[in-house]
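Please read the points alongside the sequence and the model.

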Amino acid sequence: MKEQLQAILTEVENAIPGIVKRSDFEAFKATISGPKGKLTDILKGMKNVPKEDRPAMGKLINEYKTQIEAFYTQALENLDALELAALIGPPIDPSLPSPDPAPGLLHPLTQTRRRMDDVFRKIGFTVAEGPEVETEWFCFDALNTPEDHPARDEQDTLFMPEDAKMGNVSKRGEERYILRSHTSTVQIRTMLAEKPPLRIISPGRVFRRDTSDATHSANFHQCEGLYIDREVTIKDLKAVLDYFVAEIFGKGSKVRLRPSFFPFTEPSFELDMMTPNLGKLSNQWIELGGCGMVDPKVFDAVGINSGKWTGFAFGMGVERIAMILHGIDDIRHFYNNDLRFLRQFA
Ligand code: FA5
């Protein structure tokens with residue numbers, strides 16, 4: 001019996017490396033383990049083995065069976081690898097030119113963000129960055145946003161799970177981590193890291209629990225601006241924004257500041273723009289974001305002397321600007337990854 005089993009094992013061991021087709025494997029396996037297979041025959045013969053010898057014999061057969069099955073598994077792995085290789089084709093030579101003649105292109109949001117960066121750079125702003133995972137202090141407290149402000153509600157802000165410690169994002173003790181709901185956090189980070197005068201913009205991704213529709217996305221982008229110097233006035237804010245919209249939307253574009261409220265600016269405004277250059281969107285006020293003069297309480301939070309320094313801040317939706325510029329009627333196009341849409345911006 002042992003010799004027979006050994007002979008089967010040797011046969012399997014010799015045959016497996018030569019099998020390159022799944023049908024050949026199945027046919028071979030049937031000659032061993034199929035209903036009329038050699039191994040099956042031995043199993044059937046067990047009934048003729050004297051009762052007292054059966055346990056030892058059963059154990060022996062099982063040992064061989066296990067080894068044979070390991071060869072089957074190996075054969076199937078070989079076949080998987082061969083089939084995958086056939087699917088992928090010959091090995092890739094990365095030094096050859098790409099078979100796809102179309103060059104890659106920048107996402108329309110990246111293009112818009114870079115245009116915005118260029119405009120602000122021309123008038124002396126530098127680009128600052130901040131983390132997308134923030135603490136409540138940077139997103140709210142330092143921005144004079146009280147504990148009970150609706151924006152802090154779990155309905156509006158995405159909170160990280162309690163046990164998600166994301167490294168030393170804040171050195172301000174045990175706080176909850178959140179996904180930042182606006183880029184105004186970078187105002188605080190910049191004011192803590194650098195001394196005035198300051199002139200920065202900060203484009204970046206933000207997150208809110210907003211239900212997705214044609215104009216809202218739970219993940220979107222803003223471009224923050226912060227300007228701090230001596231005797232800065234609303235006139236300076238208006239002049240910078242006028243310049244920005246004229247550069248982005250063309251000559252004749254103008255800005256309107258509509259009284260509003262943000263906890264971190266006083267006075268605060270909604271920032272609207274109008275342009276004659278946008279087809280059916282021409283000559284109507286369109287909201288771009290919010291702005292205002294930095295609230296002295298924000299200066300207090302970061303240790304800047306509000307008797308000496310004044311400033312303005314603004315925050316605009318990047319998707320909003322890209323949509324107006326290109327006549328895009330649904331924000332979700334930016335996130336669907338449909339190349340037919342994206343290739344239009346080559
Ligand atoms: C803010 O986020 C303030 N931090 C702006 C600010 C900065 C005010 C500095 C004063 C000083 P608001 O929530 O209104 O404000 O958002 C600003 C802009 O972001 C909106 O006008 C809109 O263009 C865009 N936005 C807001 N929510 C969404 C959303 N869910 N999807 C896409 N864009 C959005």
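**Notes on the backbone and overall form**

1. Pro267 is found in strand S7 (residues 265–274); strands are DSSP runs of E with at least two residues, helices are runs of H or I with at least four, and both are numbered from the N terminus. The peptide bond that leads from Glu266 into Pro267 is cis, its omega being near 0°.

2. The model is predicted, so local features need pLDDT of at least 70 and side-chain atom pairs count only at pLDDT 80 or more, while totals for chains, interfaces and linings use all residues. Residues are numbered from 1 along each chain as its sequence is written, and side-chain values use heavy atoms, without hydrogens and water.

3. A cis bond, with omega near 5°, also joins Pro196 to Pro197. Pro197 belongs to the loop between helix H7 (185–193) and strand S4 (198–207).

4. Glu231 is not a glycine, yet its phi is positive, near 55°. This residue sits in the loop between strand S5 (219–229) and helix H8 (234–249). Most residues other than glycine have a negative phi, and most peptide bonds are trans.

5. The domain assignment, which is automatic or from a database, gives domain 1 (2–88) and domain 2 (108–133 + 180–345). Their centres, taken over C-alpha atoms, are separated by 70 Å.

6. The C-alpha atoms fill a box of roughly 105 × 50 × 35 Å along the principal axes. In secondary structure, the chain has 11 helices and 9 strands.
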